[in-house]
Amino acid sequence: MTVGSGSAGWYLRRLSRMGPREIGGRVGDTVRRRRWRSAPPNCPDVPGARFTAVLPAATIAAIPPDAAKRLVAEADRLMDGHAEFFGVVRDDLADPDWWRDPKTGRRAPAGYAFDVPYRNEDAVGDIKQIWEPSRHQYLTVLAAAYAATGDERYAERVAAHLRSWWETNPPLRGVHWISGIELGIRLLSWVWIRRLLDGWSGAAGLFEGNPVALNQIWHHQRWLAAFPSRGSSANNHVIAEAAGQFAAACAFDWFPSSERWRAGALRSLERHLRGNTYLSGLNRELATEYHGLVLELGLAAVAEADAARVPIPPTVRLVLLRMTDALAAVVDNRLRPPRQGDADDGHGLIVDGAGTDRWASLLATGDAVFGRLAWWPTVTGTDVRTPLLAALIKPGGPAVARPEERPSHFADAGMTILRGPEEIWCRCDGGPHGFLSIAAHAHADALSVEIRHDGVDVLADPGTFCYHGQPEWRQYFRSTLGHNTLQLDDADQSVSGGPFLWTRHAESRVLVSDTSGASDGGTARWCAEHDGYQGNVHRRTVELSAERQELRVVDEVRGPRRDVRLAFHLGPAIAADLVGNRAVLTWIVDGEGRSAVLDLPGQLSWRAHRGETDPPLGWYSAGFGRKEPSTTLVGTGVTDGTGGFTTVLAFRGLGVS
């Protein structure tokens with residue numbers, strides 16, 4: 001059962017995960033919100049403001065032609081009013097209603113921002129649908145198209161939408177003044193819009209010569225300085241807040257408080273980049289898309305620092321270097337990273353058209369800024385963002401030792417990547433449940449595996465799908481049953497207290513991680529266990545045999561007799577023919593048929609589930625707000641604490657007729 005946010009019980013559970021310092025900070029926030037209810041102050045006068053954080057000459061000329069072509073095609077779709085946000089296709093973006101949710105048709109109420117019940121979909125609509133266009137990242141695409149082509153239609157549309165947004169959303173009024181991450185990312189977008197429109201005659205009049213724009217920029221930074229994400233909420237949100245405020249205080253350094261805001265944002269950014277990142281370079285939220293978001297935000301912040309000649313602590317570049325090397329280490333042969341934890345399609349900076357690979361783009365930027373290592377995968381795609389960032393960021397990374405060989409075991413994050421012949425890729429999860437006391441973006445996925453062949457999900461992590469408004473789906477996609485692992489007595493390994501709150505965390509430990517064998521034609525082996533089922537211990541062993549091209553998964557449960565369910569979620573491209581405890585899997589890659597055999601534990605009774613809704617089972621979410629039926633194989637039975645359940649996935653005889 002999913003416990004909703006906003007109830008009295010939820011507030012008590014949430015309070016129990018806070019420390020005294022966080023509680024004190026939140027009390028102060030509450031007092032400040034009440035004090036701010038009165039008319040907001042006016043922005044101070046800033047006569048003679050000038051924008052100097054421009055791109056170096058010849059930067060736009062360095063954009064690869066195919067990337068520029070994708071950008072312009074995307075910009076033209078936007079000019080026609082067409083866009084898609086989280087699976088909802090929109091055709092109203094030529095003249096958007098900034099407060100309307102197109103999915104439910106509801107419109108957010110007006111009034112003082114902190115009175116808006118944004119978690120209540122019945123009152124507001126889907127808040128993600130309302131917030132996303134107001135990050136103004138589609139406007140950075142239009143601004144980039146202007147920079148690439150000189151076509152003033154794009155600049156004029158950007159100006160019209162910004163003026164409309166500023167008029168509709170005065171400071172502290174309405175739904176767009178509630179969440180710091182939204183304000184931070186929006187500020188970063190405005191910095192890049194101003195930069196990319198610099199050749200347009202109306203740019204200065206839109207920004208530094210516009211009292212309304214100045215008032216918005218000033219109030220955004222005042223808000224961020226007053227209401228930072230705190231304590232158990234200091235995850236990717238606080239990094240977006242700090243990066244956006246730092247970028248604005250560097251590029252829009254026109255206000256009396258700019259220096260103070262810049263210094264405070266930089267302190268926060270440095271502290272929380274370190275705090276959110278393991279020494280191995282992986283993100284502590286153990287949610288891969290947030291690794292990408294934080295890396296994008298960090299690189300954008302460094303670009304602003306270097307453009308403004310603001311010195312930053314060496315640790316900032318060091319963390320970003322480690323994150324880039326870690327990303328290069330964990331991707332599969334198609335440059336797809338793990339699908340671990342929550343994912344909401346959040347980006348730090350968007351200047352590219354559809355079809356641009358996010359992860360290839362990040363690796364290309366890492367190559368340009370830090371230099372690639374010999375073991376890095378080859379990046380063949382192109383993008384717009386890399387030459388823009390590389391034009392501002394000083395090249396060369398910190399003078400530190402970097403991995404001489406491709407890492408495969410990240411002990412602090414509990415992630416192990418097993419690689420075999422024929423592009424077999426397997427992620428094994430033996431790490432912490434999540435980050436901070438609430439583990440907001442964690443899933444109950446201890447000891448889960450994710451297996452791909454040539455970039456195709458064979459045993460898949462089903463994804464995330466939604467956050468608010470659909471509790472039964474939120475619960476399913478973050479549940480133990482919703483992952484490739486073992487469940488006892490129909491319970492999750494960790495206990496949920498709400499859609500972004502876990503009140504008890506399963507603790508895992510890796511016992512064996514020998515990843516070298518498969519690369520030498522032998523066998524790689526991983527073994528871990530967790531204590532999430534009180535009174536029982538679940539131990540899982542995974543072996544990847546290069547010679548036999550197969551993975552063997554052995555699940556053992558120590559403790560009292562319990563009901564057991566073992567789930568294996570197939571990727572959406574996989575067709576399955578289940579007979580007894582054997583499933584023949586088939587799929588197609590680049591027009592070529594492939595197959596594998598999945599031998600399941602005979603002690604369990606097996607059924608295939610696909611696209612079921614009551615309760616949800618057999619689904620795959622490729623992106624936030626999108627889901628499609630896929631096959632889930634579930635075995636049910638009992639365990640008496642002896643023996644184990646053995647599953648074998650064999651890729652022998654990959655071709656099919």
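**A pair of facing residues**

Reply: Ile-424 stands opposite His-453 in S6. Keep in mind that this is a predicted model.

Me: OK, how many bridges join S5 to S6, and how do the two strands run?

Reply: S5 covers residues 424–429 and S6 covers residues 449–453; five bridges join them, and they run antiparallel.

Me: What order do the strands of that sheet come in?

Reply: The order is S3-S4-S5-S6-S7, five strands in an open sheet with antiparallel pairing. At the edges sit S3 (409–410) and S7 (456–459), each pairing on one side only.

Me: And what holds strands together in a sheet, in general?

Reply: Strands of a sheet pair through backbone hydrogen bonds, either parallel or antiparallel.

Me: Which helix lies across S3, S4 and S5?

Reply: That's H14, residues 314–330, running at about 40 degrees to S4 (415–420).

Me: Switching to Arg-419. Where is its place?

Reply: Arg-419 is in strand S4.

Me: What does Arg-419 touch?

Reply: Leaving out residues up to four places away in sequence, Arg-419 touches Ala-329, Val-330, Val-331, Asp-332, Arg-406, Ile-424, Trp-425, Ala-518 and Leu-544. Ile-424 is the residue that stands opposite His-453.

Me: How far apart are Arg-419 and Glu-208?

Reply: They are 211 residues apart in sequence, and 53 Å apart in space, C-alpha to C-alpha.

Me: Let's talk cores. How many residues does the largest nonpolar core have?

Reply: It has 143 residues, and those with the most contacts inside it are Val-175, Trp-190, Leu-197 and Phe-252. Apart from that one lies another core of 41 residues, including Cys-426 and Leu-486.

Me: What is Trp-190 in contact with?

Reply: Setting aside neighbours within four places in sequence, its contacts include Trp-165, Trp-166, Phe-207, His-220 and Phe-252.

Me: Now the whole chain. How many helices and strands are there?

Reply: The protein chain has 17 helices and 25 strands. Its C-alpha trace spans about 75 × 55 × 45 Å along the principal axes.

Me: What radius of gyration does it have, against a compact globule?

Reply: The chain has 25 Å; with 657 residues a compact globule would have one near 26 Å, so the two agree.

Me: Last one: what share of the residues is buried?

Reply: Buried residues make up 59% of the 657. As for contacts between residues at least 6 apart in sequence, 72% join residues at least 24 apart.

Terms used
Residues are numbered from 1 along each chain as its sequence is written. This is a predicted model: local features need pLDDT of at least 70, side-chain atom pairs count only at pLDDT 80 or more; totals for chains, interfaces and linings use all residues. Side-chain values use heavy atoms; hydrogens and water are left out. Two strands pair if DSSP finds at least two bridges between them. Helices (H or I, at least four residues) and strands (E, at least two) are DSSP runs, numbered from the N terminus. Contact means heavy atoms within 4.5 Å. Axes are lines fitted to C-alpha atoms, for helices over the stretch in contact, and angles run from 0 to 180 degrees between N-to-C directions. The radius of gyration is taken over C-alpha atoms; the globule rule is 2.2 Å times the number of residues to the power 0.38. Buried means under 20% relative accessible area, exposed over 50%, partly exposed in between (1.4 Å probe, protein chains only). A nonpolar core is a set of buried Ala, Val, Leu, Ile, Met, Phe, Trp, Tyr and Cys residues joined through side-chain atoms within 4.5 Å.
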